[in-house]
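The sequence and structure are shown here for reference.

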Amino acid sequence: MLGSASPRRYELLAALGASFTVMTTDAEEAETDVPPEVLGALPTAEMPLRYHPTLLAWRKTHAVAEHALDAVVLGADTVVVIDGEVLNKPRDEAEAHLMLRRLSGRTHRVYTGLCVAGAFASATTPESAQTTLYEALPEPIWLPLHHEAPHAVLATAARRPFWLDIEMSEVVFAPLTEAQITAYVATGEPRDKAGAYGLQGMGGQLIKAVYGSYTAVVGFPLAAVVRLLRGAGVTGLSDATASYYAWLARQQKEPLPWPPTLP
């Protein structure tokens with residue numbers, strides 16, 4: 001189950017050949033307490049905790065997992081960082097213009113956080129023999145279930161595994177003129193994009209190079225996603241690299257002429 005309404009994440013997960021449904025919540029906006037196990041397992045990232053994309057991915061995943069006990073649940077969140085400051089989605093065209101001017105001719109970082117919850121039906125406690133399913137990954141975090149609906153196998157000590165991950169890519173913007181920035185903002189594409197640009201869209205014309213995962217910049221790092229889902233017991237997934245090229249072809253895009261990038 002995909003805990004995201006992003007069309008790009010939907011497309012990329014579908015490109016892997018996965019069978020899935022989508023469920024979304026407003027959990028990423030919540031300021032609820034975070035279990036210490038989650039805080040202790042968050043990957044290092046250069047930003048305030050409340051913006052940490054893996055924490056936001058965990059919030060999304062955990063909220064959906066409460067309603068999908070027998071499904072593997074995947075959540076993701078992406079942030080753009082420059083000079084240690086997080087650039088969110090612009091509030092208006094003026095802010096989009098300011099963000100793009102700041103990015104122009106410079107290198108910034110894009111972080112995509114991931115969280116996967118294992119299916120409850122496959123693992124009821126940390127000591128369960130089913131933990132052999134998860135040997136492909138580091139030790140998961142086991143969190144108590146808090147689900148009000150009746151479930152035949154629920155017990156007081158029932159726990160569910162969660163995996164946390166993060167992918168960072170560096171993006172180099174070409175120097176932009178005021179006319180280029182104004183023209184791009186006028187397309188409307190920056191409106192709902194972190195950092196005010198979309199690599200997979202017209203914003204790709206503003207980029208000089210990408211170092212790392214292309215799909216992490218889009219918001220769904222395929223190689224990391226495949227690793228986490230396979231570790232959680234999901235089978236039948238396509239190769240990340242082959243899926244990446246197939247997705248590019250469907251977007252009518254050629255592989256990047258820039259430094260070799262990961263899927």
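## Annotated position

UniProt positions are given in the numbering used here, and such annotations may be inferred rather than shown by experiment. The model discussed is a predicted one. With that in mind, the UniProt record, an unreviewed entry, places the feature "active site" at Asp-77.

Asp-77 lies in strand S1, which spans residues 73-82. Because buried means under 20% relative accessible area, Asp-77 counts as buried at 7% relative accessibility.

## Nonpolar cores

The largest nonpolar core holds 49 residues, of which Leu-74, Leu-100, Val-116, Phe-173, Tyr-197, Phe-220 and Leu-229 touch the most other members. Helix H7 (residues 222-231) provides the largest share of this core, namely six residues.

Tyr-197 illustrates how contacts join parts of the chain that are apart in sequence: leaving aside neighbours within four places, Tyr-197 is in contact with Leu-100, Leu-103, His-108, Val-110, Val-171, Phe-173, Tyr-184, Pro-190, Ile-207 and Val-217.

## Helix H7

Seven of the ten residues of H7 are buried, so this helix is largely enclosed by the rest of the structure. The buried residues in question are Leu-222, Ala-224, Val-225, Val-226, Leu-228, Leu-229 and Gly-231.

These buried residues of H7 pack against helix H1 (7-15), S1, strand S3 (107-117), strand S5 (159-173), helix H6 (214-218) and helix H8 (240-250). Just after H7, Gly-233 takes a positive phi of about 100°.

## Helix H1 and its ends

In H1, the buried residues are Arg-9, Leu-12, Leu-13 and Ala-15. They cover an arc of only 155° around the axis, which puts them on the same side of H1. Among the elements that cover the buried residues of H1 are helix H3 (53-65), S1, H6, H7 and H8.

Ser-6, in the segment before H1, is buried, with a relative accessible area of 19%, a value to be read against the cut-off of under 20%. Ser-6 caps the N-terminal end of H1, with a side-chain oxygen 3.3 Å from the backbone nitrogen of Arg-8. Just after H1, Gly-17 takes a positive phi of about 80°.

Notes:
Residues are numbered from 1 along each chain as its sequence is written. This is a predicted model: local features need pLDDT of at least 70, side-chain atom pairs count only at pLDDT 80 or more; totals for chains, interfaces and linings use all residues. Side-chain values use heavy atoms; hydrogens and water are left out. Helices (H or I, at least four residues) and strands (E, at least two) are DSSP runs, numbered from the N terminus. Buried means under 20% relative accessible area, exposed over 50%, partly exposed in between (1.4 Å probe, protein chains only). A nonpolar core is a set of buried Ala, Val, Leu, Ile, Met, Phe, Trp, Tyr and Cys residues joined through side-chain atoms within 4.5 Å. Contact means heavy atoms within 4.5 Å. The arc is that of the directions from the helix axis to the C-beta atoms. A polar contact is a pair of N or O atoms within 3.5 Å; within protein, one must be able to donate a hydrogen and the other to accept it, and residues adjacent in sequence count only if both atoms are side-chain atoms.
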